[in-house]
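Biologist: I would like to learn how to read a model like this one. Could we take it feature by feature?

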Amino acid sequence: MDVTDVITQLVTAFVGSLGFALMFGMRKRYLMASSLGGMVTWGIYMAMNAWLSSSFLACLAASSFAIIYSEVLARIYKTPATMFIMPSVVPLVPGGPLYYAMSEAVRGNMQWT
């Protein structure tokens with residue numbers, strides 16, 4: 001993967017997370033932190049997917065980061081963690097990959113790669 005592709009995906013994840021945060025009516029005070037969480041979560045997913053060649057484990061690692069990140073920010077900002085978890089995991093919500101994963105699960109093909 002090219003560096004410009006990685007940067008484009010990270011910027012897109014940031015903008016997508018920001019859009020969902022705005023759509024949910026998040027306060028301006030939390031917008032940057034929640035959008036940054038979505039960008040870093042997607043970056044972790046891409047790195048782990050390249051390193052492990054497993055979408056499941058990459059998604060598990062990225063979502064684990066998003067949970068920890070949200071809990072830490074919830075304590076810093078003294079607000080519920082849901083404020084940060086929702087925009088942070090938006091980049092992980094799959095379209096095609098979810099369809100293919102569920103299709104293979106229904107067929108009984110339970111390989112993790």
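Modeller: Gladly. This is a predicted model. Start with glutamate 71: at 36% relative accessibility, the residue counts as partly exposed.

Biologist: Which residue does glutamate 71 meet in a salt bridge?

Modeller: Its partner is arginine 75, with 3.0 Å from N to O. Arginine 75 is exposed, at a relative accessible area of 60%. The structure holds one salt bridge.

Biologist: Where do arginine 75 and glutamate 71 lie?

Modeller: First the general idea. An α-helix has 3.6 residues a turn, so residues three or four places apart point the same way. Now the case here. Both residues sit in helix H3 (residues 55-77), four residues apart, about one turn of the helix.

Biologist: How many helices and strands are there in the protein chain?

Modeller: Five helices and zero strands. From the N terminus on, the order reads α-α-α-α-α.

Biologist: What span should helix H1 have?

Modeller: H1 covers residues 3-23, which is 21 residues. At 1.5 Å a residue, the helix should span 30 Å. Its end C-alpha atoms are 30 Å apart, so the two values agree. Just after H1, glycine 25 takes a positive phi of about 75°.

Biologist: Which residues of H1 are buried?

Modeller: Ala13, Phe14, Ser17 and Ala21. Seen down the axis of H1, the buried residues fall within an arc of 95°, so they line one face of the helix. They pack against helix H2 (28-52) and helix H4 (82-89).

Biologist: Which exposed residues does the face of H1 turned away from its buried side carry?

Modeller: Thr12, Leu22 and Met23.

Biologist: How is a pair of aromatic rings described?

Modeller: By the distance of the centres and the angle of the planes. The count here comes to six aromatic pairs. In one of them, phenylalanine 20 and phenylalanine 24 have ring centres 6.1 Å apart and planes at 45°, so the pair is tilted. Phenylalanine 20 is partly exposed, with a relative accessible area of 35%.

Biologist: Which residues do ring pairs link into a cluster?

Modeller: Tyr30, Tyr77 and Phe84.

Biologist: What about the protein chain as a whole?

Modeller: Buried residues make up 29% of its 113 residues. The accessible surface comes to about 7300 Å², and 71% of that belongs to carbon and sulfur atoms. Take contacts between residues at least 6 apart in sequence: 57% of them join residues at least 24 apart.

Key:
Residues numbered from 1 in each chain as written. Predicted model: local features only at pLDDT ≥ 70, side-chain atom pairs only at ≥ 80, totals over all residues. Heavy atoms only, no water. Phe/Tyr/Trp six-rings, centres within 6.5 Å; stacked < 30°, edge-to-face > 60°. Buried < 20%, exposed > 50% of the residue type's maximum accessible area, 1.4 Å probe, protein only. Helix = DSSP H or I, 4+ residues; strand = E, 2+ residues; numbered from the N terminus. Expected span 1.5 Å × (residues − 1). Arc of directions from axis to C-beta. Contact = heavy atoms within 4.5 Å. Areas by Shrake-Rupley, 256 points an atom, 1.4 Å probe, with all protein chains shown as cover. Salt bridge = Lys/Arg side-chain N within 4 Å of Asp/Glu carboxyl O.
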